[in-house]
Amino acid sequence: RPIDNGTIDLEWCTQAETPAGKVGCCPPRSKTPVVDFVHNTQLPSRLRQPVHLLSSDYIAKYIRAYELMKALPPDDPRNFDQQANIHCAYCDGAFLETETGWCLTGGHRNWFFFPWHRWFLYFHERILASLIEDDTFALPFWNWDNQFASDPLPNVIPQMYLTNPVLFDDFRNPDHFPPRLADLNFVPGDGAPISDSKQREENNALMYKQLVNARTTRLFYGKEYHPGDSKPDGLGTIESAPHNTVHKWTGSSAKPHFEDMGVFYSAARDPIFYPHHANLDRLWTVWKTLPRNRKGPFRPRRDYKDLDWLNATFLFYDEKRRLVRVRVRDALKTEQLGYRYQDIHNAWVTARP
Ligand code: C2O
């Protein structure tokens, strides 16, 4: 039963019900009709690089792009606050399909986690690129899973998110600023910090368990979520940790819901949300290169084949302020979307505990 969300309209958006109460985060109404996404083959291919290896020129370009995004009029869908609101509106259920009660968006705790966030970042990146008029621009990724004792940089909050006002966010946990290594399996209030070497070991073991050992489609992507299903509660391995955990680890422990990063409605207000998710998106591409089987000839890991997944649609504003309808099936290959990730040695791939 393919889903045709052809009638979805922003009129369906109401205030989001968040742990912090009702929040108004609906997108501005579109002035033009919704268009269907087509892959743009004219764009140059883009390379997403690790934050800790960016050149100073690239950093300058990146900061400039965010300055421009933050300076757009508040009701422009490309404005930074509007971008952050997308995560609130979609992920706290401001869009509810009234007839079936199916949260259209359900970007969390179900099989839409990876594709929904890939699309979100895709448009975010295109908007930044168009603001600086550089189609080669790509988002960087925060390589928090890179675990080399000799190169501790990736494991900490990258410096540029602390030193540049445009990338800074007040609502973070200062106890977790460098040199503190990211705790990929963070549980708030979970005792005293451990040594760096122990932390690396635990992080590697977690990555191995959540990614290498998540051999099945369901384990990795999260559970199926069909129209008419009640609240989703089938999160995939990576979504639960390191995704959720790094969100909470970054957010402020002085705030009731670990704002900004620690809760859906405010997470994308922190500019570090985007490199965090670029890394998760990268890990999706890494997962696909690993074998499904433990022994014997290589058998690839598989996507869902269900049409409720492949044909599910979401709406995003693009760099031209057009409301675009995208399908999950068009997000399955980053090359088709025009970008790829810089090759990184993933030390944890062989860190079988
Ligand atoms: Cu939509 Cu990292 O959460």
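1. On the H5 side the contact is made by Leu206, Gln210 and Leu211, and on the H7 side by Thr237, Ile238, Ala241 and Pro242. By class, the residues of this contact divide into five nonpolar, two polar and no charged. The model under discussion is predicted, and these remarks should be read with that in mind.

2. As to the overall architecture, the secondary structure of the protein chain comes to eleven helices and seven strands. The radius of gyration of the chain is 19 Å, close to the 20 Å that the globule rule gives for 353 residues, so the chain is as compact as a globular protein of that length. Taken along the principal axes, the C-alpha atoms fill a box of roughly 55 × 50 × 45 Å.

3. Turning to the sheet, three strands form an open arrangement in the order E3-E6-E5, with mixed pairing. Strand E3 (35–36) and strand E5 (313–317) stand at the edges with a single partner strand each, so one side of each is left without a neighbour in the sheet.

4. E5 and E6 form a hairpin with five residues between them, and in the turn Arg321 has a positive phi of about 65°.

5. Which helix packs on the sheet, touching E5 and E6? This is H3 (residues 113–131), whose direction makes about 20° with that of E5. H3 also packs against two helices, H1 and H9, as the next two points set out.

6. H1 (residues 56–71) packs with H3 at an angle of about 95°, their axes being 9 Å apart, and the two helices are therefore roughly perpendicular to each other. The contact is made by Ala65, Leu68 and Met69 of H1 together with Ile127, Leu128 and Leu131 of H3. The residues of this contact divide into six nonpolar, no polar and no charged.

7. H3 and helix H9 (residues 273–289) pack with their axes 10 Å apart and at an angle of about 130°, which makes H3 oblique to H9. The crossing of these two helices is left-handed. H3 contributes Phe114, His117, Arg118, Leu121 and His124 to the contact, and H9 contributes Tyr274, His277, Ala278, Leu280, Asp281 and Trp284. Here the division is into six nonpolar, three polar and two charged residues, whereas the contact of H1 with H3 holds no polar and no charged residues.

Technical notes. Residues are numbered from 1 along each chain as its sequence is written. This is a predicted model: local features need pLDDT of at least 70, side-chain atom pairs count only at pLDDT 80 or more; totals for chains, interfaces and linings use all residues. Two residues are in contact if their C-beta atoms, placed from the backbone, lie within 7 Å. Helices (H or I, at least four residues) and strands (E, at least two) are DSSP runs, numbered from the N terminus. Ala, Val, Leu, Ile, Met, Phe, Trp, Tyr, Cys and Pro count as nonpolar, Asp, Glu, Lys and Arg as charged, and the others, Gly among them, as polar. Two strands pair if DSSP finds at least two bridges between them. Axes are lines fitted to C-alpha atoms, for helices over the stretch in contact, and angles run from 0 to 180 degrees between N-to-C directions. Angles under 35 degrees count as roughly parallel, over 145 as roughly antiparallel, 65 to 115 as roughly perpendicular and the rest as oblique. The radius of gyration is taken over C-alpha atoms; the globule rule is 2.2 Å times the number of residues to the power 0.38. A crossing is left-handed if the near helix is turned anticlockwise from the far one by less than a right angle, and right-handed if clockwise.
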